[in-house]
Amino acid sequence: MTTASPHTNGRAQNAHRRAMIWSLVLILAGAMIAPLSGYVYVAYAQDEAAWETNPRAETWRDVREGEGGYTSASGPYVTNNLIQNGGENWRNLRNGPVAGIVPWFMAISLLLIGGFHAIHGRNRIDQPLSGKKLLRWRPWERVLHWFTAITFIILAITGLSLLFGRAVLIPLMGHAGFAVWADFSKLLHNFIGPVFTAGVLVMIIAWVRYNIPDKVDLDWFRKAGGMGKQHASAGRMNGGEKAWFWFIAIAGGAVCITGLVLDFPGFGQDRGAMQLANLIHAVVGIAWVALAFGHIYIGTAGTEGAFEGMATGYVSEEWAAEHHDLWLEELRKENRIERPPSQTSPGPITGGATRPGSS
Amino acid sequence: MARMKFLCDVERCIECNACVTACKNENEVPWGVNRRRVITLDDGEPGEKSVSVACMHCTDAPCAAVCPVDCFYTTTDGLVLHDKDLCIGCGYCFYACPFGAPQFPEESAFSQRGKMDKCTFCAGGPEDDNTDAEYEKYGANRIAEGKLPACAEMCSTKALLAGDGELVADIYLKRVMQRSGRPDTWGWQKAYGAGV
Ligand code: SF4
Ligand code: SF4
């Protein structure tokens, strides 16, 4: 067809050009759209992906997250999970912040007490002593106090030995020597703990009615417990004693409960529970020890006449007037003052407010 | 110096518990104490996997870090052993161990824990090698006799590998390449740190 007219030839060229342009447009559009189809596929395939994930990867992820399986082994310490991650956290918290910071509670407490005593000195009874005494703590109350006090001290010493012995005592006693002491400490701590807990519980029940906070306590705290110029009034328990009571009831209660969780491992508590219990027990327990330093100081060297009260049960009337004036007033009004036996037999010594045997 | 490691090939373990039985027999482990156990994941479901696990003899062992009497020591083979004469049975190592390895016989009232017992890699304890005293407290000392742990030797499918970590890894990698799967050095990262 080499003889084709120029006219027809031009038409064929036109058609060819049009075809080329269109196919170019198509290719360009296709090139732009085709990749987008991927999204369509993904959107469609995602429904299936929910069950088509790699089961292996999932198994090991679950294992790393502490998921358990089935084991035919049996025994009190057999666990069915392959990896527990809490242990490493517990290790780092216990050996790090807890062991590093908590001893400072005790050190700061001792420093404050020492500083206070150096500056302020002993809180003395202002009035001259007349020798008249009255009952403040009944025998059962003193037994309760000294029972929890002595067991508390044993628990504090043994507990601190278990937490800090490795750092402090092993260099002094050697490994074998400390192991003997640690074994004994563990035994004492585990057996005395529950008995102490029972004592704390009885104490809370017996004394809670004297420890309900009221407005007088606010005033007592505002006057810093009478350490300044002003006299601070108080009933049978002053604001400070009430604060100590509620610390024992709440924080001490937490120490006792976490202690029981650790002491009796056979009640289905898992390692996570025991790790947490151990941290709370250590931190709050040592805070308790730190505050007990303050309590011991105030009850002995810090306040003239206070120790006598818990040791013999009787306090001097001047001490009562100074530290618990509202209580003394109430006793007088209700005629409930009890004198020691030596002051009751020959006859009335006081202003006649009490008769022997009245209670 | 060899660095001893355990590796359980989960594609091979069939939960036959031969390792557990071998361990109990070799070491006369008391009732209720399990130095090694087999855990089956997704038991009875598709993709079920079994793993035999005991003390992994960790590099930076958490048990040793928390022990209040500091009774753990690491041997030149990288084995984490402990001294039962020092142990007070406080249970802290059990709280800390990622693999649930430490076990305790219940010895007295109120489920007080006895002295901790765990896998020794069949390497006994601090007593003189293969004495009665060592056997009574820690079980066999096969390592001193030039043998490997009984569990791995007895494994019916050779899933459980024990020995120098590099050799173990070599054997395992060869297997993985042959079956063209993905390697899964189960628990190694937890026990021996990153980069293994
Ligand atoms: S596996 Fe457990 S018991 Fe063994 S070394 Fe590691 S932390 Fe200690
Ligand atoms: S149970 Fe024994 S080995 Fe374990 S942390 Fe306590 S003292 Fe150490």
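Mentor: Start with the inside. The model is predicted. In the largest cavity, 38 residues form the lining, and A:Gly159, A:Leu162, A:His189, A:Leu262 and A:His281 lie nearest its centre.

Trainee: Which elements give two or more residues to that lining?

Mentor: From chain A, α4 (139-168), α5 (170-207), α7 (239-263) and α8 (271-299).

Trainee: What is the volume of the largest cavity? And how many cavities does the search find?

Mentor: The largest cavity has a volume of about 780 Å³. Over the whole structure, the search finds 5 cavities of 30 Å³ or more.

Trainee: How do the lining residues of the largest cavity divide by class?

Mentor: There are 22 nonpolar, 12 polar and 4 charged residues in that lining.

Trainee: On to the ligands. Which residues come nearest to ligand 1?

Mentor: Read a shell by who is in it, then by class. Around ligand 1 there are 14 residues, and B:Cys55, B:Met56, B:Cys58, B:Cys63 and B:Cys97 come nearest. By class, this shell has 12 nonpolar, 1 polar and 1 charged.

Trainee: And which residues are closest to ligand 2?

Mentor: The closest are B:Cys67, B:Cys87, B:Cys90, B:Gly91 and B:Cys93, out of 14 surrounding residues. The shell of ligand 2 holds 12 nonpolar and 2 polar residues, with no charged ones.

Trainee: How do I read a salt bridge?

Mentor: Opposite charges on side chains can pair when the charged atoms come close. Over all chains, the count is 26 salt bridges. One of them pairs A:Arg91 with B:Asp60, with the closest N and O atoms 2.9 Å apart.

Trainee: Why does the pair of A:Arg91 and B:Asp60 join two chains?

Mentor: Look at where each partner sits. A:Arg91 is in helix α3 (residues 86-120) of chain A, and B:Asp60 is in the loop between β3 (49-54) and α2 (62-66) of chain B, so the pair joins two chains.

Trainee: Last, the surface. Which residues make a nonpolar patch?

Mentor: A:Ile21, A:Trp22 and A:Val25 make a nonpolar surface patch of about 340 Å². A:Ile21 belongs to helix α1 (residues 6-52) of chain A.

Key. Residues are numbered from 1 along each chain as its sequence is written. Chains are lettered from A and ligands numbered from 1 in the order in which they are written. This is a predicted model: local features need pLDDT of at least 70, side-chain atom pairs count only at pLDDT 80 or more; totals for chains, interfaces and linings use all residues. Side-chain values use heavy atoms; hydrogens and water are left out. A residue is near a molecule or strand if one of its heavy atoms lies within 4 Å of it. Ala, Val, Leu, Ile, Met, Phe, Trp, Tyr, Cys and Pro count as nonpolar, Asp, Glu, Lys and Arg as charged, and the others, Gly among them, as polar. On a 1 Å grid over the protein atoms alone, a cavity is a set of points where a 1.4 Å probe fits but cannot get out, and a pocket is an open set with protein on both sides within 12 Å along at least five of seven lines; lining residues have an atom within 4 Å of a point. Grid points are joined across faces, edges and corners, and a volume is the space filled by probe spheres set on the points. Helices (H or I, at least four residues) and strands (E, at least two) are DSSP runs, numbered from the N terminus. Patches are made of residues with over 30% relative accessible area and no salt bridge: like charges are joined within 9 Å, nonpolar side chains (Val, Leu, Ile, Met, Phe, Trp, Tyr) within 5 Å. Accessible areas come from the Shrake-Rupley method with a 1.4 Å probe; for residues, only the protein chains shown count as cover. A salt bridge is a side-chain nitrogen of Lys or Arg within 4 Å of a carboxyl oxygen of Asp or Glu.
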